[in-house]
Amino acid sequence: MVPPAEFTSYYGRPVVKPSPWEVDIPAYMFAGGLAAGSSLLAAGADLTGRPALRRPARLGALGALGFSFAALVHDLGRPARFLNMLRTAKLTSPMSVGTWILVAYGPFAGAAAAAEAAAMLPDRWRGGPVRLLEAVGRPAGLVAAVTAPPVAAYTAVLLADTATPSWHEAYRELPFVFTASAAAAAGGLGMVSAPVGQAGPARRLALGGALVEQLAEAQMERSMGITAEPLHQGKAGRLMRAARVLTLGGAAGSLLAGRSRVAAVASGVALLAGSLCTRLGVFEAGQASARDPRYTVVPQRERLDRGEPVRAQP
């Protein structure tokens, strides 16, 4: 009997090419998630009469969205390439759908932030147009909140739709990981920027997001099989361990943040850093899995042994 053949590739070369993306892309994903979570938090603060929480959440959403857009344009090379993506709408392309999601979300998040800025102007400058802009704040903020969840989730779909092994095999849970991480980051920003007395919703959002993120990530690693290994190795492993420590530490600190401003700021910063490390860790794990042919060949053979198609379909 001939023993079962071990996996191999041509001279050990990668079967799929690593993504040409650089650090701009995980930064874009983190900032977009932070913007989306902040818009949700701002809408809740507006409806429950917490202006000291609503204001930094709205302004933070616009600032994060602006940074996200700048990172995306830097990766694309020039702004015209982003505008070219608006020439078509393709429902089977996560990039195309994501572009239109941003277009639907951005103007309303911007209008809500502009209304907040208008309310901060001296009374002598708050004439008719400024008053009208202030009145637009609530409806614009609510629309931004409705369109925010897809902004937080679509970047996970964008990664999972590639042939990169660790990203593709994470398609079931990765949207939940990214969305929960965005909620934790937005809660952290609210804890940093709002007074303790009005930051209760931010603390609850941060705690819930952090716990759901950890549960979803654990389930994701179980479902990924061998392609979860890069999440624990090298640079990706260090980033994911840092993300876990920062996120859980920030979540624990949020329980004390209602009594201490120092605890609120420290916990909020930890949650923001943990969310960023999650995006960077997932990104680096995918790049590492693409460079090693083992993570392409072994899952394919496992699917063949189970009688499934060689290419797993999301």
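How many positive and negative side chains does the protein chain have, and how far apart do the centres of the two sets lie? The protein chain has 31 positive and 20 negative side chains, with 7 Å between the centres of the two sets. Lys and Arg count as positive and Asp and Glu as negative, whereas His and the chain ends are not counted; the place of a charge is NZ of Lys, CZ of Arg, CG of Asp or CD of Glu.

The structure is a predicted model, in which local features need pLDDT of at least 70 and side-chain atom pairs count only at pLDDT 80 or more, while totals for chains, interfaces and linings use all residues. Residues are numbered from 1 along each chain as its sequence is written, and side-chain values use heavy atoms, with hydrogens and water left out.

**Figure 1. Overall fold of the protein chain.** The protein chain contains 11 helices and 0 strands (DSSP runs numbered from the N terminus: helices are H or I of at least four residues, strands E of at least two). Its C-alpha atoms fill a box of roughly 90 × 50 × 30 Å along the principal axes. Of the 314 residues, 51% count as buried (under 20% relative accessible area; exposed is over 50%, partly exposed in between; 1.4 Å probe, protein chains only). Among contacts with a separation of 6 or more, 75% join residues 24 or more positions apart (contact: heavy atoms within 4.5 Å).

Figure 2. Pro26 belongs to helix H1, residues 24–47. Because its relative accessibility is 0%, Pro26 counts as buried. Beyond residues up to four places away in sequence, Pro26 touches Arg279, Leu280 and Phe283. Pro299 is 273 residues from Pro26 in sequence, and their C-alpha atoms are 26 Å apart in space.

**Figure 3. Two spans annotated by UniProt.** An unreviewed UniProt entry places the feature "transmembrane region" at several spans, including residues 25–47 and 176–196; UniProt positions follow the numbering used here, feature names are shortened, and annotations may be inferred rather than shown by experiment. Residues 25–47 are 100% helix and 0% strand, with end C-alpha atoms 34 Å apart. For residues 176–196 the corresponding values are 86% helix and 0% strand, and the end C-alpha atoms lie 28 Å apart.

Figure 4. Helix H8, residues 200–224, holds Gln214. Gln214 is buried because its relative accessible area is 13%. Apart from its neighbours within four places in sequence, Gln214 is in contact with Arg244, Thr247 and Leu248.
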